[in-house]
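Biologist: I have the sequence and the model open side by side. Can you walk me through the fold and the charged pairs?

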Amino acid sequence: MSLMQRIRLIFSAKANKALDRAEDPNETLDYSYQKMLEMQQKVRRGVADVATSRKRLELQMKQLQQGSDKLTNQAQTALAQGREDLAREALTRKSGISSQLVDLQAQHAQLQAEEEKLTLASQRLTAKIEAFRTKKETLKATYNAAQAQTRVTEAFSGISEEMGDVGLAVQRAEDKTAQMQARAGAIDELIASGALEDQLSLGGGGDDIDRELAALSSGSDVEAELARLKAASATGAVTAGEAPKAIDATGPAAVADQADPVVQPAETEEPS
Amino acid sequence: MIVRILGEGQWDLSDEHVEALNALDSALERTVEAADHDAFTPGLVALLDVVRRQGTRLEDDSLVESDVILPPSDASLEEVRALMTDEGLVPD
């Protein structure tokens, strides 16, 4: 037996099993109508669940994108200051974030497709429920129980197949969403645990690359100050003799000590 | 012949196209049995394509039972195998 016939048989078997449960055709009609309404609720919940997951992914993608943009800026700043090593470090981190971003984008596209499919399934089901409701009332009004049996079976088989189809679509969407939620959860945890914190600390600019860049700029301020003092003391030495020179000799050294990034935390406030 | 593509809807396929459909169906079945993943996806795409191109789509409010049912377009080989043997994929 062929593939497509075998799948159909599975669906028919389910329909027949459900049909056997009810003895009175009218009961079958009401029962299946009830089932359809339940299924409609289920599909709508499914659409909402997928949309929630999609929005969560969008938020994460935005966070990662911001992190990536920041690292680009850092790399530019580092390069402008002649620190290729630091720029390289920033770009390495950026490439890690970029690959995660690509992964999330693929998941996002999948969820969007699921959402669309379920929305369409919901529309089809709504149309069928309405058709079935009309048919159900006609059957009840026109035929007695014995006569109605065949026609009820027909109507029921059509709708039962649709229910199986929609049920499967909801289940597949749920499975996919669950897989993605697990991965989205892992990224959230990664962010929360601090493993991505450096890359993603967007507000304060407090990561290690920032600190080093800040130290660089304060370092160059110090150098400029030092050069100025040196120039001044050289002039002073000519005019005022030995004593001021000795004081100046300790001055620049003390300033140079402060240029150490570790003892210069106030400078890290500077935006990157 | 009424054909359902799971997740998409139903089509009415005239007799002249049934032969082509059967041939593609048998080919797909072989890829499932042989677990030939490479041939499976193109096989499924070709099968569904015949239905979508040659068939006439039924209205959403039709209550007709299908003669045959085809897997969803994004189904994996494993999913199709489960569908054929009813490994709990189709909800009761």
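Modeller: Chain B has an open sheet of four strands in the order S3-S2-S1-S4, with mixed pairing. Strands are DSSP E runs of at least two residues and helices are H or I runs of at least four, numbered from the N terminus; two strands pair if DSSP finds at least two bridges between them. This is a predicted model, where local features need pLDDT of at least 70, side-chain atom pairs count only at pLDDT 80 or more, and totals for chains, interfaces and linings use all residues. Residues are numbered from 1 along each chain as its sequence is written, chains are lettered from A and ligands numbered from 1 in the order in which they are written, and side-chain values use heavy atoms, with hydrogens and water left out.

Biologist: Which strands are at the edges of the sheet?

Modeller: Strand S3 (56-57) and strand S4 (68-70) of chain B, each of which pairs on one side only.

Biologist: In what sense do S1(B) and S4(B) pair?

Modeller: Parallel, over three bridges, with S1(B) covering residues 2-5. B:Ile5 has B:Leu70 as its bridge partner in S4(B).

Biologist: And S1(B) with S2(B)?

Modeller: That pairing is antiparallel, over four bridges. B:Val3 is opposite B:Trp11 of S2(B). Three residues lie between the two strands of this hairpin, and B:Gly7 there has a positive phi near 85°.

Biologist: How many bridges join S2(B) to S3(B)?

Modeller: Two, and these strands run antiparallel. B:Asp12 faces B:Thr56 of S3(B).

Biologist: Which helix lies across the sheet strands?

Modeller: Helix H2 (residues 37-54) of chain B, which lies across S1, S2 (9-12), S3 and S4 and runs at about 125° to S1(B). Angles run from 0 to 180 degrees between N-to-C directions, and axes are lines fitted to C-alpha atoms, for helices over the stretch in contact.

Biologist: How do H1(B) and H3(B) pack?

Modeller: H1 (residues 18-33) and H3 (residues 77-85) of chain B pack at about 105°, with axes 10 Å apart. H1(B) and H3(B) are therefore roughly perpendicular, a term for angles of 65 to 115 degrees.

Biologist: Which residues meet there?

Modeller: From H1(B), B:Glu29, B:Thr31 and B:Val32; from H3(B), B:Leu77, B:Val80, B:Arg81 and B:Met84. Contact means heavy atoms within 4.5 Å. The residues of this contact are four nonpolar, one polar and two charged.

Biologist: Switching topic: how many salt bridges are there over all chains?

Modeller: 26. A salt bridge is a side-chain nitrogen of Lys or Arg within 4 Å of a carboxyl oxygen of Asp or Glu. One of them joins A:Lys128 to A:Glu162, with the closest N and O atoms 3.6 Å apart. A:Lys128 is in helix H3 (residues 84-142) and A:Glu162 in helix H4 (residues 145-193) of chain A, 34 residues apart.

Biologist: Is A:Lys128 buried or exposed?

Modeller: Buried, at 3% relative accessibility; A:Glu162 is buried too, at 1%. Buried means under 20% relative accessible area, exposed over 50%, and partly exposed in between (1.4 Å probe, protein chains only).

Biologist: What does A:Asp85 pair with?

Modeller: A:Arg83, in a salt bridge of 2.8 Å, N to O. A:Asp85 is partly exposed, with a relative accessible area of 46%. A:Arg83 is in the loop between helix H2 (25-80) and H3 of chain A. Leaving out residues up to four places away in sequence, A:Arg83 touches A:Ala78, A:Glu212 and A:Leu216.

Note on methods:
Angles under 35 degrees count as roughly parallel, over 145 as roughly antiparallel, 65 to 115 as roughly perpendicular and the rest as oblique. Ala, Val, Leu, Ile, Met, Phe, Trp, Tyr, Cys and Pro count as nonpolar, Asp, Glu, Lys and Arg as charged, and the others, Gly among them, as polar.
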